[in-house]
Amino acid sequence: MKHIVNLYENINDTARNNSDCPLVVLPEEIFFTISIIGVLENLMILLAVIKNKNLQSPMYFFICSLAISDMLGSLYKILENILIMFRNTGYLKPRSNFETTADDIIDSLFILSLLGSIFSLSVIAVDRYITIFHALQYHSIVTMHRAIVVLIVIWTCCLGSGIAMVIFSHHIPTVITFTSLFPLMLVFILCLYVHMFLLARSHARKISTLSRGNMKGAITLTILLGVFIFCWAPFVLHVLLMTFCPNNPYCVCYMSLFQVNGMLIMCNAVIDPFIYAFRSPELREAFKKMIFCNSYQ
């Protein structure tokens, strides 16, 4: 999966020499620390929902799906660092069958992280839409059973797609498919948002008090989506440039920021839990009980 995940390593020396931009290298300790924090924070989200019955609703299950996606992204970097450490210390033979297999498994976590985030944000957008404009029918439309089925289907598709992308990562159609999911998700949510806010504006007086209160959920989704775009878009652009103009000096100059782009992805997993906590009083209360070791009601 080096073609997608470690693209900057494949830039040839001639292209590097034609560019005036040196490769930006960040200490692996920074990646490792941020990844550990990301795993712990998102694990707290999962534990809070599992232990607090008040949070066991479809909306928070969808949030847990996004938290799992963020956690997989952080876990990817942790395992990659461990694999590199074993290789550098001589405990792992370079380019052995074990290393190749381990690389593929670790890289699949990265793909799962992106795909899981895309589909989780999309299903959260649909959930917010139903909450706002079908508030009275929400609990009959979005049941726990249906939410679980949707999540099972989503993660089954993500797993199958992730494995396929790892196996066929050296093919350009795979890269195009990988990168096209990002703008497709944005277009889908954007269309949903435009319809949602236009409908809200034209029927403002008809929207119930409950629906107006649920607009807060739509604002939370907007923040999550904005952070996701900010953190992942630079990497997606990197993939496209590496595929279609790997020898162009301007492209190589941008690709010299590969590790910075990777850092942004790791930061996404750290930022999201703060957004949940800041926007959700229920989660804040659950975190307080977990931190101060109080029992749940």
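Leaving aside its neighbours within four places in sequence, which residues is Phe228 in contact with? Taking contact to mean heavy atoms within 4.5 Å, the partners of Phe228 are Leu114, Ser117, Ile118, Leu121, Phe182, Met185, Ala233 and Asn268.

Before going further, a word on the basis of all this. This is a predicted model, in which local features need pLDDT of at least 70 and side-chain atom pairs count only at pLDDT 80 or more, while totals for chains, interfaces and linings use all residues. Residues are numbered from 1 along each chain as its sequence is written, and side-chain values use heavy atoms, with hydrogens and water left out.

The protein has twelve helices and zero strands, where helices (H or I, at least four residues) and strands (E, at least two) are DSSP runs numbered from the N terminus. Of its 297 residues, 49% are buried, meaning under 20% relative accessible area with a 1.4 Å probe and protein chains only.

Turning to the interior, a nonpolar core here is a set of buried Ala, Val, Leu, Ile, Met, Phe, Trp, Tyr and Cys residues joined through side-chain atoms within 4.5 Å. The largest one holds 77 residues, and those touching the most other members are Phe110, Leu121, Phe178, Phe228, Trp232, Phe235 and Leu283. Elements giving it two or more residues include α3 (28-51), α5 (97-133), α9 (209-244) and α12 (281-291), and the largest share, 17 residues, comes from α5. Apart from this core lies another, of six residues, among them Leu241, Met242, Val252 and Met255.

Finally, among contacts in the protein with a separation of 6 or more, 80% join residues 24 or more positions apart.

Technical notes
Buried means under 20% relative accessible area, exposed over 50%, partly exposed in between (1.4 Å probe, protein chains only).
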